[in-house]
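I opened this notebook to record what I looked up in one structure. The entries follow the order in which I consulted it.

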Amino acid sequence: MICTFTGQFNIPMEQSANIRPSWDAYFMQIAHTVSERATCDRGRSGCVIARDRQILVTGYVGSPRGLPHCDEVGHLMKKVLHEDERITQHCMRTVHAEQNAICQAARLGISLDKATLYCRMTPCRTCAMLIINCGIERVVCERQYHDGKESEEMFRQAGLALEYVHDEIQQYEKQ
């Protein structure tokens, strides 16, 4: 399913006082703010998990606690060879925003059952499995991930709603 916000998403701040955003736009804007804490310049991503119009937890891309960040020591790039002969590159130094939000919920003892997750792009395969297993029932992504078809199929099979703000693929360096 494709979900498009009608101009509310990119409202200049001086005009925002007159227009009240939808709940989805509101939580996505907060996810953007959370992403400003990210420590990997390749994928500054943030995540918000909410239920009943209340934020439960947030997360952003960054290295595990106590380990060096990409912004400090550089990326830890790995190439992945896929069955169809495609090669993609991934930074392995960081924990994804979705993973960090789920870990935060676990540390704080917060159930994510029946929650909605807001993120930058289609979650990766590992994030998708965690999202499904912790009971999140809806995912709202700003854009599609260039290699997100497997996650989309897993969400479909699990009966999890997946919606996109924009019907386009997220572009970033060294994709």
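**Entry 1. Strand S1.** I began with strand S1 (residues 46–51) in this predicted model. I asked how many of its residues are buried. Five of the six are, which leaves S1 mostly covered.

I then looked up the pairing of S1. With S2, S1 pairs in the antiparallel sense over six bridges, and Ile 49 stands opposite Val 57 in S2. The two strands form a hairpin with two residues between them. In that turn, Asp 52 has a positive phi of about 55°. S1 also pairs with S5, again in the antiparallel sense, over three bridges. There I found Val 48 opposite Tyr 118 in S5.

**Entry 2. Confidence.** I checked how far the model can be read. The chain averages a pLDDT of 86, and 84% of the residues score at least 70. Confidence is highest in strand S2 (residues 54–60), at a mean of 98, and lowest in helix H1 (residues 13–16), at 50. Over residues 1–13 the pLDDT is below 50, although this stretch has 28 contacts in the model beyond near neighbours in sequence. Where pLDDT is low, the predicted coordinates should not be read in detail. I therefore left the detail of such coordinates aside.

**Entry 3. Helix H5.** Which residues of helix H5 (residues 125–133) are buried? I noted Cys 127, Ala 128 and Ile 131. These residues lie on the same side of H5 because they cover an arc of only 100° around the axis. In general, residues three or four places apart in an α-helix point the same way, because there are 3.6 residues a turn. The buried residues of H5 pack against helix H4 (97–108), strand S5 (116–121), strand S6 (138–143) and helix H6 (149–158). Just after H5, Gly 135 takes a positive phi of about 90°.

**Entry 4. Nonpolar cores.** I next looked up the largest nonpolar core, which has 26 residues. Among those with the most contacts inside this core are Ile 49, Ile 131, Val 139 and Phe 155. S1, H4, S5, H5, S6, H6 and strand S7 (161–164) each supply at least two of its residues. H4 gives the most, with four.

A second, separate core has ten residues, including Phe 27, Val 34, Val 140 and Val 165.

**Entry 5. Val 139.** Finally, I listed contacts of Val 139, leaving aside its neighbours within four places in sequence. They include Leu 117, Ile 131, Phe 155 and Leu 162. Leu 117, Ile 131 and Phe 155 are also among the residues with the most contacts inside the largest core.

Notes:
Residues numbered from 1 in each chain as written. Predicted model: local features only at pLDDT ≥ 70, side-chain atom pairs only at ≥ 80, totals over all residues. Heavy atoms only, no water. pLDDT = per-residue confidence, 0-100. Contact = heavy atoms within 4.5 Å. Buried < 20%, exposed > 50% of the residue type's maximum accessible area, 1.4 Å probe, protein only. Arc of directions from axis to C-beta. Pairing = 2+ DSSP bridges. Core = buried A, V, L, I, M, F, W, Y, C linked by side-chain atoms within 4.5 Å.
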